[in-house]
Amino acid sequence: MNLIEPIILGGAVLGGVVGATLGFSAGVLWGLGGLLAGIVVGAVVGPFVLLLLGLVFITLRYGPRHSWGLVRELFGPRPGN
């Protein structure tokens, strides 16, 4: 199993719990809707949030020049093209 599957599942579980908790205060149907919406949104947004947190950690650990170099490597032109 790759690393992306547990990240997506973790985001879906966390999003579902938060959505259901916030929704059940308004009613049972709102709770079920919040659960389903939280699962979908958590699975979609979870990997991006973890990437952002990783970039923030790298910035705090190694400095902004190192993290900016990693971002430039990702989106910069490829040598020889």
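Reply: Ile7, Gly10, Gly11, Leu14, Gly15, Gly38, Val41, Gly42, Val45, Gly46, Val49 and Leu50 line the second largest pocket. A pocket is an open set of points on a 1 Å grid over the protein atoms alone, where a 1.4 Å probe fits, with protein on both sides within 12 Å along at least five of seven lines; lining residues have an atom within 4 Å of a point. The model is predicted: local features need pLDDT of at least 70, side-chain atom pairs count only at pLDDT 80 or more, and totals for chains, interfaces and linings use all residues. Residues are numbered from 1 along each chain as its sequence is written, and side-chain values use heavy atoms, without hydrogens and water.

Me: What classes are in the lining of the second largest pocket?
Reply: Six nonpolar, six polar and no charged residues. Gly counts as polar in this scheme; Ala, Val, Leu, Ile, Met, Phe, Trp, Tyr, Cys and Pro are nonpolar, and Asp, Glu, Lys and Arg are charged.

Me: And what volume does the largest pocket have?
Reply: About 240 Å³. Volume is the space filled by probe spheres set on the grid points, which are joined across faces, edges and corners.

Me: Which elements give two or more residues to the lining of the largest one?
Reply: H2 and H3. The largest share, six residues, comes from H2. The lining includes Phe48, Leu51, Leu70 and Phe75. By class, it has nine nonpolar, one polar and no charged residues.

Me: New topic. Where is Gly63?
Reply: In the loop between helix H2 (28-62) and helix H3 (64-75).

Me: Why does Gly63 count as buried?
Reply: Because its relative accessibility is 17%. Buried means under 20% relative accessible area, exposed over 50%, partly exposed in between (1.4 Å probe, protein chains only).

Me: What about Ala37?
Reply: Ala37 is in helix H2. At 40% relative accessible area, Ala37 is partly exposed. Its C-alpha is 19 Å from that of Glu5, 32 residues apart along the chain.

Me: What sits over the ring of Tyr62?
Reply: The charged end of Arg61, 5.4 Å from the ring centre. The cut-offs are NZ of Lys or CZ of Arg within 6 Å of the centre and within 35 degrees of the ring normal.

Conventions: Helices (H or I, at least four residues) and strands (E, at least two) are DSSP runs, numbered from the N terminus.
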